[in-house]
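Hi there,

Here is the structure I promised to pass on. Could you have a look at it alongside my notes below?

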Amino acid sequence: EVFLSDGTRVGAVSDVLQHGAADVFVVTGEKEVQFPFLKDLVQNIDTAEKRIILDKKRFLEVCLYED
């Protein structure tokens, strides 16, 4: 599961695309969204809880929503 730093649930990781400089995570929730896996974006990875926490401000700068 992927969440933003304010607790908003983005969705579940459905795919990881490998595009050179950074892997691109595809997350399916209310909408499908893609974002690059960047060091300044990812705040925490909790493998026990299967959660990724992203910085909300940075996420909104780099995410791409599918229509």
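Let me start with the strand pairing: β1 (residues 2-4) and β6 (residues 51-54) run parallel and are joined by three bridges. Within that pairing, Val 2 has Ile 52 of β6 as its bridge partner. Strands here are DSSP runs of E with at least two residues, helices are runs of H or I with at least four, and both are numbered from the N terminus; two strands count as paired if DSSP finds at least two bridges between them.

Before I go on, a word on the source: this is a predicted model, in which local features need pLDDT of at least 70 and side-chain atom pairs count only at pLDDT 80 or more, while totals for chains, interfaces and linings use all residues. Residues are numbered from 1 along each chain as its sequence is written, and side-chain values use heavy atoms, with hydrogens and water left out.

Back to the sheet. It is open, has seven strands in the order β5-β6-β1-β2-β3-β4-β7, and its pairing is mixed. At the edges are β5 (42-46) and β7 (64-65), each of which pairs on one side only. β5 and β6 are antiparallel, with four bridges, and Asp 46 stands opposite Arg 51 of β6. Their hairpin has four residues between the strands, and Lys 50 takes a positive phi near 55 degrees there. Another antiparallel pair is β2 (residues 9-19) with β3 (residues 22-28), joined by seven bridges; there, Leu 17 is found opposite Val 24 of β3.

Next, the aromatics. There are three aromatic pairs in the structure (ring centres of Phe, Tyr or the six-membered ring of Trp within 6.5 Å; planes under 30 degrees apart are stacked, over 60 edge-to-face, the rest tilted). One of them is the edge-to-face pair of Phe 35 and Phe 59, with 5.8 Å from centre to centre and 70 degrees between the planes. This pair links distant parts of the chain, as Phe 35 is in strand β4 and Phe 59 in helix α1 (residues 56-62), 24 residues apart. Phe 25, Phe 35, Phe 37 and Phe 59 form one aromatic cluster.

Two charges sit over rings (NZ of Lys or CZ of Arg within 6 Å of the ring centre and within 35 degrees of the ring normal). Arg 51 has its charged end over the ring of Phe 3, 4.4 Å from the centre, and Lys 31 lies over the face of Tyr 65, 5.9 Å from the ring centre.

What lines the largest pocket? Its lining includes Leu 4, Val 33, Lys 31, Phe 59 and Tyr 65, and α1 gives the most to it, with three residues. The pocket holds about 220 Å³ of space.

Finally, is Lys 39 buried or exposed? Lys 39 is in the loop between β4 (32-36) and β5, and it is exposed, with a relative accessible area of 80%. Its C-alpha atom is separated by 19 Å from that of Gly 7, 32 residues apart along the chain.

Best wishes

Conventions:
Buried < 20%, exposed > 50% of the residue type's maximum accessible area, 1.4 Å probe, protein only. 1 Å grid on protein atoms, 1.4 Å probe; cavity = no way out; pocket = protein on both sides within 12 Å on 5 of 7 lines; lining within 4 Å. Points joined across faces, edges and corners; volume = space filled by probe spheres on them.
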